[in-house]
Amino acid sequence: VPSPGEFGGAELRTGFKWDQMQYQKPFLKELALLISADAAANGAKEVEWSVSYPSAFVPKDVVRYRKVWKDLCSELNEITGLKHSLDNEAGEGGLQTEAVAFASYFGNFQDRKMIHTSCLDLGGGTTDMSIWQENQLIHQVSVPYAGRDISTQIFRRKPSFLKALFP
């Protein structure tokens with residue numbers, strides 16, 4: 001996205017966190033190391049991770065993603081000297097969908113009431129939505145339209161912009 005050769009041979013690669021699984025764990029590990037360094041610099045002795053995933057994941061993807069995070073926590077324990085674990089109170093086995101995680105942030109940390117509320121998490125490949133009524137989740141869905149689609153439309157309408165970025 002865009003397709004190879006479409007802009008004079010330049011090609012953008014996206015979705016490596018979900019689509020190219022060989023990059024998922026190294027990407028998450030680097031991100032977790034940066035967060036851990038900041039936490040340690042601020043005096044933290046442990047990090048409890050609340051992890052989200054797209055609601056488009058099928059159950060086997062959730063199981064695999066949870067295993068990636070459990071393995072990461074073990075590796076981070078050894079590397080950082082901090083205690084790393086999944087927050088088992090944050091969703092099933094430490095994981096929750098992106099739309100629920102987004103709403104939980106506002107409900108739990110911003111003390112907002114979810115009376116008649118819709119939360120949208122616009123990602124790279126999907127938009128996750130959750131609908132809340134009286135602080136109860138009544139529906140969540142993931143639709144395959146997001147940032148990648150919006151960006152691609154812009155690039156197709158203004159190819160000179162992309163050519164200027166990637167000569």
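A salt bridge, as used here, is a side-chain nitrogen of Lys or Arg within 4 Å of a carboxyl oxygen of Asp or Glu. Keep that cut-off at hand for the exercises below, and remember that the model is a predicted one.

**Exercise 1. Salt bridges around E75**

Find out which lysine forms a salt bridge with E75 at 3.2 Å, and which parts of the chain that pair ties together.

Solution, step by step:

1. E75 pairs with K29, whose closest N to O approach is 3.2 Å. Because the cut-off is 4 Å, a contact of that length qualifies.
2. Put together, K25, K29 and E75 make up a network of salt bridges.
3. K25 has 25% relative accessibility, so it counts as partly exposed. E75, also at 25%, is partly exposed, and K29 falls in that class with 23%.

**Exercise 2. A pair within one helix**

Work out how K67 and D71 are placed relative to each other in helix α2.

Solution, step by step:

1. The side chains of K67 and D71 form a salt bridge, 2.8 Å from N to O.
2. The two residues are four apart in helix α2, so about one helical turn separates them.
3. D71 is partly exposed, because its relative accessibility is 29%.

**Exercise 3. Cysteines**

How many disulfides does the structure hold? Are C73 and C119 buried or exposed?

Solution, step by step:

1. Recall that a disulfide is a covalent bond between the sulfur atoms of two cysteines.
2. The structure has zero disulfides.
3. C73 has a relative accessible area of 4%, so it is buried. C119 is buried as well, with 4%.

**Exercise 4. A nonpolar patch**

Which residues make the nonpolar surface patch of about 370 Å², and where does L122 lie?

Solution, step by step:

1. The patch is built from L122, Y145, I150 and I154.
2. L122 is found in strand β5, which covers residues 116-122.
3. With a relative accessible area of 52%, L122 is exposed. That label follows because exposed means over 50%.

Conventions:
Residues numbered from 1 in each chain as written. Predicted model: local features only at pLDDT ≥ 70, side-chain atom pairs only at ≥ 80, totals over all residues. Heavy atoms only, no water. Patch = residues over 30% accessible without salt bridge, like charges linked within 9 Å, V, L, I, M, F, W, Y side chains within 5 Å. Areas by Shrake-Rupley, 256 points an atom, 1.4 Å probe, with all protein chains shown as cover. Buried < 20%, exposed > 50% of the residue type's maximum accessible area, 1.4 Å probe, protein only. Disulfide = S-S within 2.5 Å.
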